[in-house]
Amino acid sequence: MPDPYWYKDAIIYEAHVRAFFDSNNDGIGDFPGLTSKLDYLQGLGINALWLLPFYPSPLRDDGYDIADFEGIHPSYGTIQDFERFMDEAHKRGIRVITELVINHTSDQHPWFQASRRAPAGSPERDFYVWSETNQKYQGVRIIFTDTETSNWSWDDSAKAYYWHRFFHHQPDLNFDNPRVLDAVMKTMRFWIDRGVDGLRLDAVPYLIEREGTICENLEETHGILRQIRRALDARYGDRMLIAEANQWPADVRPYFGEGDECHMAFHFPLMPRMFMALRQEDRHPITEILRQTPDIPENCQWGLFLRNHDELTLEMVTDEERDYMYQAYAADPRMRINVGIRRRLAPLVDNSRRRIELLTSLLFSFPGTPVIYYGDEIGMGDNIYLGDRNGVRTPMQWAGDRNGGFSRADPARLYAPLIMDAVYGYQGINVEAQERAPYSLLNWMKRLIALRKQYKVFGRGTLEFLAAPNRKILAYVRRYEDELVLCVANLSRTVQPVELDLSAFKGMTPVELLGLTEFPRIGDLPYFLTLAGNGFYWFRLQQTPSAITAQRPPETTVAQEVVPDALPAFFMGVAWDTLLDGNVRTLIERESLAPFLQRQRWFGGKARTLRSARFVDWGVLRKGTHPIFVAIVQADYKDGGREQYFVPLAIVSGAEADAVLAGAPHLAVARVTGARKGLVVDGTADDRMAQALLEALDRQESFRTKRAAARMRRTSAYDAVRGQGALAPRRTGAEQSNTSIVLGDRLIVKLFRRVESAPNPDVEIGEQLTTRTTFRRAPRVAAYLEYEPSGEPIGHLLIAHEFVAAQKDGWNHALGCSGGERRSFTSPYRPIRLRRPSCRSRSRATTSRGWWRTRWRSSSRRASW
Ligand code: NOJ
Ligand code: CA
């Protein structure tokens, strides 16, 4: 069931097809190029993509001058390319927002060409706003002050003046003519029928003109919008309209109507005030504009942005504020255009990483849906020597190669030159470099996006400012249902102290969200914090953690015997190696993956509602007739959380398949049919996987998956522990949150099912004990599998320990002990005491991550390491 409010939780990425990626090397980005970069956008974590106009156009206003509403500009591809792009975006969970430019067309549009030639009073002429004099509607402001001197232009053929609020080559449509609205609605249906999820209504305040008014925000214009909304809702359930109304908050409010006009509207006045507050090191501009922001209907949302494809507009500030902004952010007159500043985010803040992070944290934590402008996630620069607003529309910087990896055309042929200066040039600022550096801006953005998506409160919650005595500090609380988040931002470039009155939250514990660090519990005194220059915190306020109790995970939810009948079958050719490379992967995701996860003892999300499960990474461990794969599956939950699991897969056939279905049906994922018949199973059901792992350990193999490098690592104990010769695999009965396989009673290989992007403590501690100490009271670590997704920290997928035979497995033994008074049990080595982290513990352990670190101590002497 599609969520009709998806736009409230969206993270929108704004991009221009022309600027993103050039697939055919003609120097111009295109739809096939954009499609090929969808994996990048998915990896970034955004879930909505807003595309600037891509329709046939003379491109005198970068495509906002449209010559055909229902086509694709030939430089960008064909309608088939567009449809393929839509499919691929949707497959990745990315919604698409396009432009519905209804106020005006290009003067090259056939409607205008017909209009100027048709006789006065004819239906064709009536499509645009004509007048015999240029004296009507005096007092209406000019928007493009740098290029236009009047809103009227003379047409020789019509022998009349036509009305235009923007460039003179962009005549305004006449919305007093109902046929114009019909034509616009037809265009709307044309794109929505092709899967478009949202439409940005460009220049929406200017639809209707009336003498004696400023011709903006007129009631008749709202009437038009209500008709558009009614037509949309009548036919489609979950599509969205976003208003581009560059107006004061009180004048934007009517664009939401009673929830019956636009779903979203950009918050134009907030944007310059974020920059102003930063430069003035004073929160007042922000608190003031948000205080003046009216409430909006339940089904509506603000669209927030720092930068976009236009100038940083200063129309919605006072004259004094405008002077201040020009002087602070646009000292060079070339940086100014019309009533604004044509610069990108990074240059605006003098390339200060802290300021970029701070502004982004505000963008992501104020009430509304954030929009990221392409390239700002890597800190791209601008070129103020290009005309109009083209300086902020240069090609995306993918790599340090020729043309920044954007195109292989001759540099002279590119639609615009790359940024090449020493600070922002593509040689240093590019996606490839930043994917490789774990602490790059790009990787920071990914983390922040992932974090924001875990909490609905950011998109949906209320906002309350806290009156901190220090005005350089902006502190606010966001609330939604049981989510409570405290945000504190330091607008000053120097370190600042602050005392916050958090008495309303007495007894709660702030947990910093980026590092999951618990802060001291809130007590009676004002809460004291220090913030680094331009630093910020997001805290979840949580009740003090409750005591941890041991629980048996619920048994599998599906009766085992129904599994074989319920398994879907998918067609495949002979080459089973390609299982995960194409369509079958998508089919498995759609039909089998979620039920498979629900059947597994190790799947920790059984109590949560699963929204989707999909493969986010995969690779082939062994090719051949019965291939073996390693795969990472991501579970996304309704509550906004997500987890990743390590799921090795194998394909078995014949008697082996029958044996799995009879003995361990929960391990079956799906059937394959077509050229050969087989059963896709969890890798642990196939002895070949255990053998392949052993070979990989023996040879210390490294291999690549789609997104990561994986490396088998052996410790110095490997040879002694492993011994010589073949080792027969045996599955252990005790399957818990991990899965273990015993190899020849010498090695026990434990697959870590939950994938964490951090070293696994078993590996870290075990390796230290094995190789750096003489401590021999824990089984030695012989090997492990490292997993390093590009740009993320190393994690671990499995560990191989020395096998120690015992009568009982440790889990059952521990469960038997932990209910009563006893807090210790006997290991095969020496007594070990388990200590629960106390409620006030400051250890890194948190209950929220679903696990707690066992602090352990041998009763014998401490190891020295
Ligand atoms: C608003 C768009 O954002 C801008 O880029 C364009 O120039 C004007 N509409 C006029 O079409
Ligand atoms: Ca191209």
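In sorting residues by class, Ala, Val, Leu, Ile, Met, Phe, Trp, Tyr, Cys and Pro count as nonpolar, Asp, Glu, Lys and Arg as charged, and the others, Gly among them, as polar. By these classes, the shell around ligand 1 has seven charged residues, three polar ones and three nonpolar ones. The model is predicted, so that local features need pLDDT of at least 70 and side-chain atom pairs count only at pLDDT 80 or more, whereas totals for chains, interfaces and linings use all residues. Residues are numbered from 1 along each chain as its sequence is written, chains are lettered from A and ligands numbered from 1 in the order in which they are written, and side-chain values use heavy atoms, with hydrogens and water left out.

Of the 13 residues around ligand 1, those that come nearest are Asp61, His104, Asp202, His309 and Asp310, where a residue is near a molecule if one of its heavy atoms lies within 4 Å of it. Polar contacts (pairs of N or O atoms within 3.5 Å) can be followed one by one: an oxygen atom of ligand 1 is 2.5 Å from an N or O atom in the side chain of Asp310, and an oxygen atom of the ligand is 2.8 Å from such an atom in the side chain of His309. A polar side-chain atom of Arg389 lies 2.9 Å from an oxygen atom of ligand 1. Taken alone, ligand 1 exposes 300 Å², of which the protein buries 98%, the areas coming from the Shrake-Rupley method with a 1.4 Å probe.

Turning to the strands, these are DSSP runs (E, at least two residues) numbered from the N terminus, and two of them pair if DSSP finds at least two bridges between them. Strands of a sheet pair through backbone hydrogen bonds, either parallel or antiparallel.

One open sheet has three strands in the order 11-13-12, with antiparallel pairing. Strand 11 (312–313) and strand 12 (336–337) stand at its edges, and because each has a single partner strand, one side of each is left without a neighbour in the sheet. Strand 12 pairs with strand 13 (residues 340–341) over two bridges, and Gly340 in strand 13 is the bridge partner of Ile337.

Another open sheet, also antiparallel in its pairing, has six strands in the order 15-16-17-22-19-20. Within this part of the model, strand 16 (residues 473–480) and strand 17 (residues 483–490) pair over eight bridges, and Arg478 stands opposite Val485 in strand 17.

Methods. A polar contact is a pair of N or O atoms within 3.5 Å; within protein, one must be able to donate a hydrogen and the other to accept it, and residues adjacent in sequence count only if both atoms are side-chain atoms. Helices (H or I, at least four residues) and strands (E, at least two) are DSSP runs, numbered from the N terminus.
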